[in-house]
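Dear colleague,

Please find the structure below, handed over for your own work. My findings follow it.

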Amino acid sequence: KVYNDYFFDEPIFDLHDGGYIPLEKADVKDQPLNIPAVIKPDKVDGNDVYYTITAQEGETQILPGKKTKTWGYNASLLGQTIIFKQGVHYHIHLVNKLSEVTTFHWHGLNVTGPVVDGGPHAPVYPDGSRDIDFTLDQPAQTDWLHPHPCPNTARQVWNGLAAAVVVTDDEEAKLPFPRNYGVDDIPVILQDRSYHDNQLDYKADYDVDGTLGKYALVNGTINGVFNVTTQRVRLRMLNGSDRREWRLHFDDNHEFTQIASDGGTLPEPVKFTKLMLTCAERAEVIVDFGDKKPDDVVTLMTDDMPIMKFKIGEFAKDDTKLPEHLTTIDAPKVTPGLPVTRTVMSGMDDQVRLDGKLFDMQRIDRKQKVGDTVLWDVVNTNDMDGGMIHPFHMHGCQFLVLSRNGKEPYPNEHGWKDTVGVNAGETVRIAVQFTKFGVYMYHCHILEHEDTGMMAQIEAYDPNHEHKYHLISMDEM
Ligand code: C2O
Ligand code: CU
Ligand code: CU
């Protein structure tokens, strides 16, 4: 079966938003798609691997003429790709070379909060550094690194901070997926930006309901072209936009197969011609160009706008078929006797709230016992102006989506996720388990909503280990 549907409710797509900025075609020649380099370790010592990650300023040729001042991790824009392996112990030296405080948030990594995971309680001051370490103990997936300082996340991402994080493991390595980074396995980081005399100007473009840009960028490239040299290509798609939803499809309605969602491999591959990603969601897809011939061009689109091109070259025939079953995800064993946790996203613009409140860095909003599996009803009550989709994200866990308004989740929602788009008027039921004690954020991932305060924090507690957390205040940021 091939799905030809975005599934989400069309009347609340971002393009119906009063402040919607349609994408425009940039007057930029086709250029090679940027493939971020892979970060090299400082040191490998048995199972201990050491990295330095620096948030830095730089300049990037994005438009013709003057370079654009941009920020990145070990790069002038976005960041070098970080490849982690399950079971390895990582030691990371985080360095801030920016002129303002930032944090290094591992979106999707199951590491402890509120410090290692790099939420707002883990500031790194200008010219300062912080050392973290963790053992990677989760399956293969595509995650990302982005800043999370309250309330400047949106601007710092807009300026360029975002890096792809690829987790590998031995199970996924056995599946017939392309995995030659940069050749048949590439990140596709989807973002939109506007430029003013070739420069970013977040203030000028700011929208409290989520800042949108005029031009589509993939991995920081406008009108990028990727040369296809293998029949099958794996795209690690990430919506790294502050606000924009991407309604992806190819110009020739080429079919593609999703093999993984936020938290890793799907139980079964899912075939599509259309895929919508809300902010921060990831989808790994395989595109089989076996029906194409050299010099054919296939264009990736969002709505009616081209985003990037795939230029077909010579390749060896590779008719590898994916197995019908990729991995086993057991139905969650919900801990008996616990009430359903209800959390409510409401409002638009500066009226956005989470459970009727704005974020307070020193308030723990909820508690959940480590190891318990709890049902959460994530509600989007928003009916202002017809409403909008709020992408709901949790730190410190990957959850399973059980239902949408009591009905089956979308066909590509049968895997682990950390971010789920919730339609206006919808209740999405998820099963949540924390495996590590700590304090974790949960929030809307429209970055301006998060910065406005559509965010809360939960303590995952272990009754046998009382833990005191130092929760800093906004003044310490
Ligand atoms: Cu990707 Cu709390 O965020
Ligand atoms: Cu996160
Ligand atoms: Cu929101």
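Along the chain, the donors of the copper ion (ligand 3) follow the spacing H-x53-C-x4-H. They are His 390 (ND1), Cys 444 (SG) and His 449 (ND1), which coordinate the ion at 2.0 to 2.1 Å. Donors here are N, O and S atoms within 2.8 Å of the metal (3.2 Å for Na, K and Ca), and water is not among the atoms, so sites may look incomplete. His 390 belongs to strand E28 (residues 390-394) and His 449 to helix H3 (residues 447-452), so the pair ties together parts that are 59 residues apart in sequence. Helices (H or I, at least four residues) and strands (E, at least two) are DSSP runs, numbered from the N terminus.

This is a predicted model, in which local features need pLDDT of at least 70 and side-chain atom pairs count only at pLDDT 80 or more, while totals for chains, interfaces and linings use all residues. Residues are numbered from 1 along each chain as its sequence is written, chains are lettered from A and ligands numbered from 1 in the order in which they are written, and side-chain values use heavy atoms, with hydrogens and water left out.

The domain assignment gives domain 1 (2-13 + 177-312), domain 2 (27-171) and domain 3 (341-476); such bounds come from an automatic or database assignment. Between domain 1 and domain 3, the C-alpha centres are 25 Å apart. Contact (heavy atoms within 4.5 Å) involves 33 residues of domain 1 and 29 residues of domain 3. The two domains bury about 2400 Å² between them, 56% of it on carbon and sulfur atoms. Buried area is the accessible area (1.4 Å probe) that two parts lose on being put together, summed over both. Ile 12, Val 208 and Asp 209 supply 25% of the area that domain 1 buries against domain 3, more than any other three residues.

Three salt bridges are counted between domain 1 and domain 3, a salt bridge being a side-chain nitrogen of Lys or Arg within 4 Å of a carboxyl oxygen of Asp or Glu. Arg 282 and Asp 418 also meet through their side chains in a salt bridge (2.6 Å, N to O). On the side of domain 1 that touches domain 3, the elements giving two or more residues are strand E18 (256-261), strand E19 (264-272) and strand E20 (275-277). E19 provides the largest share, five residues.

The structure holds 36 salt bridges. In one of them, Lys 85 pairs with Asp 170, the closest N and O atoms being 3.1 Å apart. Lys 85 lies in strand E7 (residues 82-85) and Asp 170 in the loop between strand E12 (163-168) and strand E13 (185-193), so this pair ties together parts that are 85 residues apart in sequence.

Some backbone features also deserve mention. Most residues other than glycine have a negative phi, and most peptide bonds are trans. The bond from Gly 113 to Pro 114 is cis, with omega near 10°, and Pro 114 is placed in the loop between strand E9 (105-107) and strand E10 (129-135). The bond from Cys 150 to Pro 151 is likewise cis, with omega near -5°. Asn 219, although not a glycine, has a positive phi of about 50°.

Kind regards
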